[in-house]
Amino acid sequence: MKLICSVQVEQWLYVEDVDAFMKQPGNDTADAVLRKLDEQYQKYKYMELNLSQKKLRLKSQIPQIKQTLEILRHMQKKKDTTDPMETHFLLADNVYCKASVPPTDKVCLWLGANVMLEYDIDEAQALLEKNLGTASRNLDSLEEDLDFLRDQFTTTEVSILKQWQM
């Protein structure tokens with residue numbers, strides 16, 4: 001068993017001796033074994049779909065976090081000056097508005113679920129750096145889990161082929 005995203009996943013073992021495998025309890029007929037293999041294969045496919053979606057979400061979040069950190073660093077440099085910062089705000093898809101932002105030591109961050117909180121620039125930077133590290137670790141973990149699932153696909157497919165050749 002391997003833990004993938006808080007779920008125990010059964011690792012399918014490679015079947016070398018089909019006759020010995022068929023004599024194990026629960027493997028009464030070839031149809032029952034094929035049904036079990038197909039069920040396991042479908043579980044792996046479902047998990048792969050979910051993990052792939054999480055991976056895409058993380059891959060889009062990481063650049064956003066990096067861009068926000070870059071903006072915060074720029075604001076950090078500008079907060080001690082009196083010159084306003086010229087920028088463009090995204091109002092809607094492909095619609096921007098030019099704005100002049102006075103120097104400030106506070107920023108608002110979207111936390112998700114329609115929640116926005118005000119932070120000091122230093123606190124916001126620390127939070128985003130923590131989130132970036134977490135997202136990067138989660139992405140690495142997802143890559144490992146997807147590799148495990150790909151191995152399980154191959155093993156299950158080979159087992160299915162061996163059952164059909166029996």
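1. A residue is called buried under 20% relative accessible area, exposed over 50%, and partly exposed in between. The present model is a predicted one. With a relative accessibility of 34%, C97 is therefore classed as partly exposed. C108 falls into the partly exposed class as well, because its relative accessible area is 46%.

2. A search for disulfides across the whole structure returns zero. For C97, the closest cysteine sulfur belongs to C108 and lies 17 Å away, which is too far for a bond. C108 likewise takes part in no disulfide, the sulfur of C97 being its nearest at 17 Å.

3. The secondary structure of the chain consists of three helices and six strands. Read from the N terminus, the order of elements is β-β-α-α-β-β-β-β-α. The radius of gyration is 26 Å, whereas the globule rule gives 15 Å for 166 residues, so the chain is more spread out than a compact globule.

4. Along the principal axes, the C-alpha atoms occupy a box of roughly 80 × 30 × 20 Å. Of the chain's 166 residues, 30% are counted as buried. Considering contacts between residues at least 6 apart in sequence, 61% connect residues at least 24 apart.

Key. Residues numbered from 1 in each chain as written. Predicted model: local features only at pLDDT ≥ 70, side-chain atom pairs only at ≥ 80, totals over all residues. Heavy atoms only, no water. Disulfide = S-S within 2.5 Å. Buried < 20%, exposed > 50% of the residue type's maximum accessible area, 1.4 Å probe, protein only. Helix = DSSP H or I, 4+ residues; strand = E, 2+ residues; numbered from the N terminus. Rg over C-alpha atoms; globule rule 2.2 N^0.38 Å. Contact = heavy atoms within 4.5 Å.
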